[in-house]
Each structure stands twice: as C-alpha cells, then as structure tokens.
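Please walk through this structure with me. We start with a sheet and end at the ligand.

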Amino acid sequence: MEIFDELSQLHEATTQAFCDFAVTSIEANGVFRVALSGGSTPKRVYELIAERNLDWTNIHWFWGDERNVPLSHTDSNARMVHEALLDRVNIPRCNIHAVPVDTEAPAEAAKQYEQILRQHFGDANFPTWDLALQGLGDDAHTASLFPETRALQERERWFVENWVEKLDSYRYTLTAPAINSARQVWFMVAGKGKQNALKTVQSGLHSPELYPAQLVKASRWLVTRDAAGS
Ligand code: 6PG
C-alpha cells in the first residue's frame, strides 16, 4: 500500500504512474486501454492527465461503471471525465467508448456496451485492459459492484446492469472477472470515511458479498494517510 500524507500527493503520484504506464504500453503494444473509475477521487487525476502531453491517438478510454443517467446529467461519470479530461485535449472521438446509457432499458444498454467491448477486445475471454482504475466506497463497493447485489455473482458476462436497492436505481458495471482481466488494477482511496472499508477489504473477514472490492485483485493501492488510518 502506497500511503500519501496529502490528497494532492496521491493525485500527482497517480497521474505520473498513469502517464508512465501509458508511454510504456504504447511503446510495447502500440496502444493503451484504460477502464476509468467514476466518483470524486479520480477527477483531479483526470484533470492533471489533461495537462500532460500524451500520445492521445493511441489511448482508448472506457468506463468501468456508469450511473443510469443521461450524459448531460451531473451524476454521469462520462460527463465528469469529459469535463475533466476528454474535452480538454485532442483525443480522437473514436477512442472514447462511453456506456450507451438507456435509462428506460438498462439491460439492453449493458448488452450493447458489452458488444462494444467485445468488438474492441476481439475474442479474448475477458477485456485485456492495460489498466483498470478503481475507487472504493465506504461500503466497500468498487465500480458499481455494491454489497448484496446480483452483479457480484456474474462470472461470464463482462458488463451488466445492476439494480442497487439502497440507491433505488440501476447502475452499470464491469463484472469482477472483467476488472481482474486488466494487466494492472489500481485502487485510489482517500478520506477518513474509507478507513473501515479499506481495513476490512484488505485484511478483515473475507466476505465479498458484503465487501465487494474483495473480488478485485489489486496491483496497487494508492491511499491517503487518513484513509489508511495510520
Ligand atoms: C462511481 C464509482 C465508484 C467510486 C466509489 C468511490 O461511479 O461512483 O465508480 O465505485 O469509485 O464510490 O467514490 P469516491 O472516489 O467519490 O469516494
């Protein structure tokens, strides 16, 4: 676990690591494919990435999860990433693969996104992301894999609609195997409110139904000191 005294240090370190990984991936394979996290923690990282000079034509941007709202909605993860990054640099529009949200037919929209992913990743068993960026909720959810929801059981599909009772709404999310298929999975965790979730996910009772982030095999934990509780 990499612990940072300040949130700004976590943001800077994650930005640098992202850019370094993008450069080495493009050098090695000609492309860098990332599944982005929503929420508030990563937003500053996306803003800082926009200030860097990356090979935008060879980076493909996907979402690890999305809310069941139109792109124009303030809760949209796609809107957040567009405002922080994608609308600020010269990224080919064909490199941006947002979830085709359909608030009236989330199951259909999830199937459509899985088709988009399968078209992009070919006949791989699961999407071969270079990087999956993950956040952690204070209830130990990640992406939109919330405690005691159906998506936690999915082992075949890549991307599903997920009814979240406590939110009284559908979410869209990568399934656990479709996150774990990434070459690297990085969690960014900040804030005192995440202490219990982080401790339980990393070393507490193993119960993924209650602590879904335990389903994900993290390569790196980038954590603020107040979240680490140290
Ligand atoms: C989302 C995210 C979600 C997020 C956690 C942490 O759509 O909200 O994908 O899984 O990463 O809820 O969110 P914060 O970074 O805002 O604490």
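**The sheet and its ligand**

Three strands form an open sheet in the order β4-β8-β7, with antiparallel pairing. Strands (E, at least two residues) and helices (H or I, at least four) are DSSP runs, numbered from the N terminus. Two strands pair if DSSP finds at least two bridges between them. β4 (65–67) and β7 (159–164) are the edge strands, each pairing on one side only. On average, neighbouring strands of this sheet are turned by 25 degrees against each other, direction ignored. Axes are lines fitted to C-alpha atoms, for helices over the stretch in contact; angles run from 0 to 180 degrees between N-to-C directions.

The model is predicted: local features need pLDDT of at least 70, side-chain atom pairs count only at pLDDT 80 or more, and totals for chains, interfaces and linings use all residues. Residues are numbered from 1 along each chain as its sequence is written, and side-chain values use heavy atoms, without hydrogens and water.

Now look at β7 and β8 (residues 169–174). Six bridges join these antiparallel strands. W163 has Y170 in β8 as its bridge partner. Helix α4 (residues 106–121) packs on the sheet and touches β7 and β8. Contact here means heavy atoms within 4.5 Å. The direction of α4 makes about 150 degrees with that of β7.

A polar side-chain atom of D65 sits 2.7 Å from a ligand oxygen. For the side chain of H141, an N or O atom is 2.8 Å from a ligand oxygen. Taken alone, the ligand exposes 410 Å², and the protein buries 88% of that. These accessible areas come from the Shrake-Rupley method with a 1.4 Å probe.

Technical notes:
Polar contact = N/O pair within 3.5 Å; in protein donor to acceptor, adjacent residues only side chain to side chain.
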